[in-house]
Amino acid sequence: MTGIRKAPPGGSSSGSRNAAASPPGSIDRLQPVLEHTVAVEIIPLLVGAHGRDRPTSAGQWQPPVGAVEELAALSLSAEHDAASTFVLRFVRRGIPVEDISLGLLGPAARRLGEQWVDDDRNIAEVTLGLYRLHEALRTLGTVVPPVPSRGRSSRRALLVPVPGEGHIFGAAVLGDFFRRAGWEVSGSAPASVEELREWVAAEPFDAVGLSLATESRLATTRACIQAVRSSSCNPDVLIFAGGRLFDAQPDVAASLPADWVSTDARLAVQEATRRLAQGVDVPMA
């Protein structure tokens, strides 16, 4: 989006963002991560042409009119569990958790970011709201846990942000989708390409998913893919990428030596499961 001025990480912005009062609830304990969270989570969330007009998949559940706006507001309520309580209403109505994640939680996070861009919310408010949406996602996983597979799952996925990225909310949603499909999921934030190389050399993952939101990390993403290809103790490992960058710039996908790129968590799981079942040969980079 053009014409939007942002403070650098660790800095402060001028105007109403500084003047705005903190929202209800405990903000002080979140202060150390406020700037980092906004820099790596909210800004990438909004970059690109699809920031406000993201298309929905055919047949995807759509929440009632006003529900996204209401959830965004409840994430800033004085009642810390208001957002989680609201989301659970849809569980009781029989809406699948996957649909709630894609159709309600994700759009509510984007709405908070839009309000920040429009100067209607300050950094502390947006970060608290995002934190509450994370809590709601965890609550969904607790109330409606994935159906456990018999014994140890034979499908293992490593889902991580590219080193230097912090696309936390999207990675959390993706991990929940894989678990619900019966995958054993590992995920953390590697500090470097070399650390990621060590992880895949030590454990035989069937699929490795890389999340990125900013174009500046494309070179690092390519290095990660090459490191996984050359060092994985599973020579047939599947590698895919996803994240907000590909919503904004879909043509970028062709520049990556990944097996596929997906911006939809449900489709990413389906593709990984299909390829693993078919034993698709992995091309060397």
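pLDDT is the predictor's confidence in each residue, from 0 to 100. The chain of this predicted model has a mean pLDDT of 76, and 72% of its residues reach 70 or more. Local features need pLDDT of at least 70, side-chain atom pairs count only at pLDDT 80 or more, and totals for chains, interfaces and linings use all residues. Residues are numbered from 1 along each chain as its sequence is written, and side-chain values use heavy atoms, with hydrogens and water left out.

**Confidence**

- Residues 1–56 have pLDDT below 50. Beyond near neighbours in sequence, this stretch has 96 contacts in the model, a contact being heavy atoms within 4.5 Å.
- Residues 280–285 also stay under 50. Here the model has 10 contacts beyond four places in sequence.
- Where pLDDT is low, the predicted coordinates should not be read in detail.

**Conventions for helix packing**

- Helices (H or I, at least four residues) and strands (E, at least two) are DSSP runs, numbered from the N terminus.
- Axes are lines fitted to C-alpha atoms, for helices over the stretch in contact, with angles from 0 to 180 degrees between N-to-C directions.
- Angles under 35 degrees count as roughly parallel, over 145 as roughly antiparallel, 65 to 115 as roughly perpendicular and the rest as oblique.
- A crossing is left-handed if the near helix is turned anticlockwise from the far one by less than a right angle, and right-handed if clockwise.
- Ala, Val, Leu, Ile, Met, Phe, Trp, Tyr, Cys and Pro count as nonpolar, Asp, Glu, Lys and Arg as charged, and the others, Gly among them, as polar.

- The axes of α3 (residues 67–74) and α5 (residues 97–117) come within 8 Å and cross at roughly 65°. The two helices are therefore roughly perpendicular. Their crossing is right-handed.
- From α3, A67, V68, E69, L71 and A72 make this contact. From α5 come G103, L104, L105, P107, A108, R111, L112 and Q115. By class, nine are nonpolar, two polar and two charged.
- α3 packs on α4 (residues 82–92) at about 150°, with axes 8 Å apart. This pair is therefore roughly antiparallel. The crossing is left-handed.
- A67, E70, L71 and L74 of α3 meet A82, A83, F86, V87, R89 and F90 of α4. Eight of these residues are nonpolar, none polar and two charged.

**Helices α8 and α9**

- α8 (residues 193–202) and α9 (residues 218–231) pack at about 25°, with axes 9 Å apart. That makes α8 roughly parallel to α9. The crossing is right-handed.
- V193, L196, R197, V200 and A201 of α8 touch T220, A223, C224, A227, V228, S230 and S231 of α9. The classes are eight nonpolar, three polar and one charged.

**Aromatic pairs**

- The whole structure holds five aromatic pairs. Rings of Phe, Tyr and Trp (its six-membered ring) pair if their centres lie within 6.5 Å; planes under 30 degrees apart count as stacked, over 60 as edge-to-face and the rest as tilted.
- F178 and F240 are stacked, at 5.9 Å centre to centre with 10° between the planes. This pair links helix α7 (residues 168–180), which holds F178, to strand β4 (residues 238–242), which holds F240. The two residues are 62 apart in the chain.
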